[in-house]
Structures are given as structure tokens and as C-alpha cells.
Amino acid sequence: MTSANSIRVFYLEDTELAEFEASNKGYRNDVYVKILNDLFNIKVYDIVRLKQDFELESESYGYYSVEPNLIIVKEVTKEAIEFVVKKLYEQKYFESIKTVDDDKLVEYFQ
């Protein structure tokens, strides 16, 4: 049985600048969650950015298509992301989403 302690969260751009930019932009798409041998790429948005994207796309295209593995947080910070990831793990969220199928990327996070 996997515990919340065996969850690891990675960021492809793990710098202060990347975190600052993500917080200001309201999204991050470089977040990876590793649980045992499974790797997930999650898209992290705050509600303000999600609403902006929804309004823009629905006005431009007439619809909005949700990103796969989308997670909404109060603010796009590492602390908020890691808190939400642990809570979602407890709710078995990761059992129902798509894993990364790129072998080189999976190997990168070993």
C-alpha cells in the first residue's frame, strides 16, 4: 500500500524565477507527480487564470476544452501545489487520470 510519504512532486523549471512567474501567470504545466512507478503530468491553474482562459476560448471558438489532469489551486505556489497533490492522493484522484507514457521522461524522474 502506498502512503502519502511516497508521493514526490517535481518541477521541470525548479527555480525561484519559475515559481515567481507561475504565481503571477496563474498556471504551471511543468509539474510532475511520481507515485511508485507511475508518473503524472498535472496542469495547475488558479481560478482567475482558468476563468480568463475559459472566457477567451469560449469567445474565440465557442467552447472551452479542459486540459487533461487539470488541478485548481488557490495560488500557484509549490506549497499550495504539494498540499493539493497530497489531498488528491488521499481521495484516490491519481487512480483515474492519465499517466505519462514517455519512457525517457519517466526515466528522467527515477
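Predicted model: local features only at pLDDT ≥ 70, side-chain atom pairs only at ≥ 80, totals over all residues.
**Sheet.** I began with the strand order. Four strands make an open sheet, running E1-E2-E3-E4, and the pairing is mixed. At the edges I find strand E1 (7–11) and strand E4 (70–73), each of which pairs on one side only. From one strand to the next, the twist averages 35°.

Next I looked up how E1 meets its partner. E1 and strand E2 (residues 27–35) pair in the antiparallel sense, over five bridges.

**Helices.** Helix H2 (residues 47–61) packs on the sheet, where I see it touching E2, strand E3 (38–46) and E4. The direction of H2 makes about 80° with that of E3. Helix H3 (residues 78–90) lies across E1, E2, E3 and E4, and runs at about 145° to E1.

I then checked the length of H2. At 1.5 Å a residue, its 15 residues should span 21 Å. Just after H2 I noted Gly62, which takes a positive phi of about 90°.

**Pocket.** I turned to the second largest pocket, with a volume of about 180 Å³. Which residues line the second largest pocket? My list has Glu13, Ala18, Glu21, Ala22, Lys25, Tyr27, Arg28, Asn29 and Asp30. Helix H1 (16–25) and E2 are the elements that give two or more residues to this lining. Sorted by class, the lining has five charged, three nonpolar and one polar residue.

Key:
Residues numbered from 1 in each chain as written. Heavy atoms only, no water. Pairing = 2+ DSSP bridges. Axes fitted to C-alpha atoms, helices over the stretch in contact; angles between N-to-C directions. Contact = heavy atoms within 4.5 Å. 1 Å grid on protein atoms, 1.4 Å probe; cavity = no way out; pocket = protein on both sides within 12 Å on 5 of 7 lines; lining within 4 Å. Points joined across faces, edges and corners; volume = space filled by probe spheres on them. Nonpolar A, V, L, I, M, F, W, Y, C, P; charged D, E, K, R; others polar. Expected span 1.5 Å × (residues − 1).
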